[in-house]
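Here are a few exercises to work through with the model open beside you. Try each task before you read its solution.

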Amino acid sequence: MNIPRHITASKRNGRLSRGPATSEGRQASARNSLRHGLLAQTIVLDDESQPFFDELLHEFTLEHQPSTPSACALVQKLTTAYWRQMRSWSIEKSIVDEEMALHDSDCPPAVRAARAFRGLADQSRVLDLIHRYETSFDRQFNRALDQLVSLPSNNHDAVHPFVPVTPAAGTWKQFFPNEPVPTNEHPENPSVEIDPTI
């Protein structure tokens, strides 16, 4: 029940908000308007579950936290490849079930499955085609995952570039423990001058 004073209080509190305070909060807030409807409309078939696809895309997005357009595109590619692979599994199951229904129902299920498989392998190339698609979708998924993980913005374990450090006098040994000690390097050669500040 919306009481006018509650509505007024909500509006007043909303005006006081300055938005997210941290950079993580601002990044999360920037992704609030991200919509996946167009992608779902182009990928999900009429008889497939669009909410399930949206949930899958949401889960992959949460897992990888894409922060750039390229990372978002890779998450979408990853989701699409996995969705199409699941579709090919579903088609394969339907084809084998249909072929199994043509065989004697008194046989054990394994025998019916073997006969169905043999019939499909001998008379049709449909299983070969499905397996080729499955392999292709698997490669697409793995390629997108590898690219996503290798993006600097998404790789939390990325090695930072080396920044040379100029050590203070007398502390060189802390930074370069395997370097030779200057006082011991040429003890028999008095012409070598040793910097006393090192």
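The model is predicted, so to speak of local features pLDDT of at least 70 is needed, side-chain atom pairs count only at pLDDT 80 or more, and totals for chains, interfaces and linings use all residues. Residues are numbered from 1 along each chain as its sequence is written, and side-chain values use heavy atoms, with hydrogens and water left out.

**Exercise 1.** Check the span of helix α6 (residues 109–123).

Solution. Helices are DSSP runs of H or I with at least four residues, numbered from the N terminus. The expected span is 1.5 Å times one less than the number of residues. For the 15 residues of α6 this gives 21 Å, and the end C-alpha atoms are 21 Å apart, which agrees.

**Exercise 2.** Find which residues of α6 are buried and which are exposed.

Solution. Buried means under 20% relative accessible area, exposed over 50% (1.4 Å probe, protein chains only). R112, A116, G119 and L120 are buried. The buried residues pack against α5 (69–101) and α7 (126–150).

**Exercise 3.** Describe the largest nonpolar core.

Solution. Such a core joins buried Ala, Val, Leu, Ile, Met, Phe, Trp, Tyr and Cys residues through side-chain atoms within 4.5 Å. Of its 16 residues, F53, F60 and W83 touch the most other members. α4 (50–64), α5 and α7 each supply at least two residues, and α5 gives the most, with seven.

Definitions and conventions: Contact = heavy atoms within 4.5 Å.
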